[in-house]
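Take a look at this protein chain.

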Amino acid sequence: MDWLIIVFILLFLIAPLKWLKPNPRQKRQQALRNQVSKQGVNIKMEKPPLHHFKGTMPAYRWRYPHDQPGPDFLLVRDSHASEALEPYYAGWRWRIAPLRPLPETAVEPLKALLERLPQDALVVQSSPHTLTLWWWESQTAERFSTYLPEFQQLHQSLQGCADQPSKKPLANPGQPSRRY
């Protein structure tokens, strides 16, 4: 009887350690995040730009250079978009369309990505600061790495295509300019 009590106490103490061990899905997501972050992608858990969404989801971000901001647009997958939104391509709708047409060098990689992205990719967003993919990380690092060249090409093509011109400080005409 004493041995049974000792075994029960040991199991009671070891059980919480099992809960701390990552499950296979968590291991796959961590490998994915490590691999992608080595490619220069920032990953954060944030609230996505979806209506009536509670909680957070992973956002994969490619930063634009400070002196070459990107355009503003927001594409949402049909399954999470209103019928009132303008359709764009391959089951995606504009929630915020760009003010100016996207450059031709960006249209092809964007359309290729929209066709290939997994069903759990819900939002593709560009702001002056970043290009962002909001998705649930359903794939492995090896599979997601096949999208990286198209994301990098799209990112390169959108740099410097801001909707608003950058604001540079005005020189005072009464003062000579200083050079350092």
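**Links across the chain**

At 29% relative accessibility, R116 counts as partly exposed. The cut-offs are these: buried means under 20% relative accessible area, exposed means over 50%, and partly exposed lies in between (1.4 Å probe, protein chains only). This is a predicted model, where local features need pLDDT of at least 70, side-chain atom pairs count only at pLDDT 80 or more, and totals for chains, interfaces and linings use all residues. Residues are numbered from 1 along each chain as its sequence is written, and side-chain values use heavy atoms, with hydrogens and water left out.

What does the side chain of R116 meet in a salt bridge? The partner is E150, at 2.6 Å from N to O. A salt bridge is a side-chain nitrogen of Lys or Arg within 4 Å of a carboxyl oxygen of Asp or Glu. R116 lies in helix α3 and E150 in helix α5, so the pair ties together parts that are 34 residues apart in sequence. Helices (H or I, at least four residues) and strands (E, at least two) are DSSP runs, numbered from the N terminus. E150 has 18% relative accessibility, so it counts as buried. Leaving aside neighbours within four places in sequence, E150 is in contact with P109, A112, L113 and R116. Contact means heavy atoms within 4.5 Å.

The count comes to five salt bridges. Another joins R61 and E46, at 3.1 Å from N to O. R61 sits in strand β2 and E46 in strand β1 (residues 42-46), 15 residues apart. R61 is buried at 15% relative accessibility, whereas E46 is partly exposed at 25%. E83 and R93 also meet in a salt bridge, at 3.2 Å from N to O. E83 is in the loop between β3 and β4, and R93 is in strand β5 (residues 92-96). Here E83 is exposed at 64%, while R93 is buried at 9%.

Now turn to the rings. The structure holds 10 aromatic pairs. Rings of Phe, Tyr and Trp (its six-membered ring) pair if their centres lie within 6.5 Å; planes under 30 degrees apart count as stacked, over 60 as edge-to-face and the rest as tilted. Y60 and W135 have ring centres 5.7 Å apart and planes at 65 degrees, so this pair is edge-to-face. Y60 belongs to strand β2 (residues 57-63) and W135 to strand β7 (residues 130-135), 75 residues apart. Both Y60 and W135 are buried. W62 and F151 are stacked instead, at 4.3 Å centre to centre with 10 degrees between the planes. W62 lies in strand β2 and F151 in helix α5 (residues 148-158), 89 residues apart. Ring pairs link Y60, W62, W135, F144, Y147 and F151 into a cluster.

V36 is buried, with a relative accessible area of 1%.

Helix α5 has several buried residues, including L148, E150, F151 and L154. The buried residues of α5 pack against elements including β2, α3 and β7. G160 follows α5, and its phi is positive, near 80 degrees.
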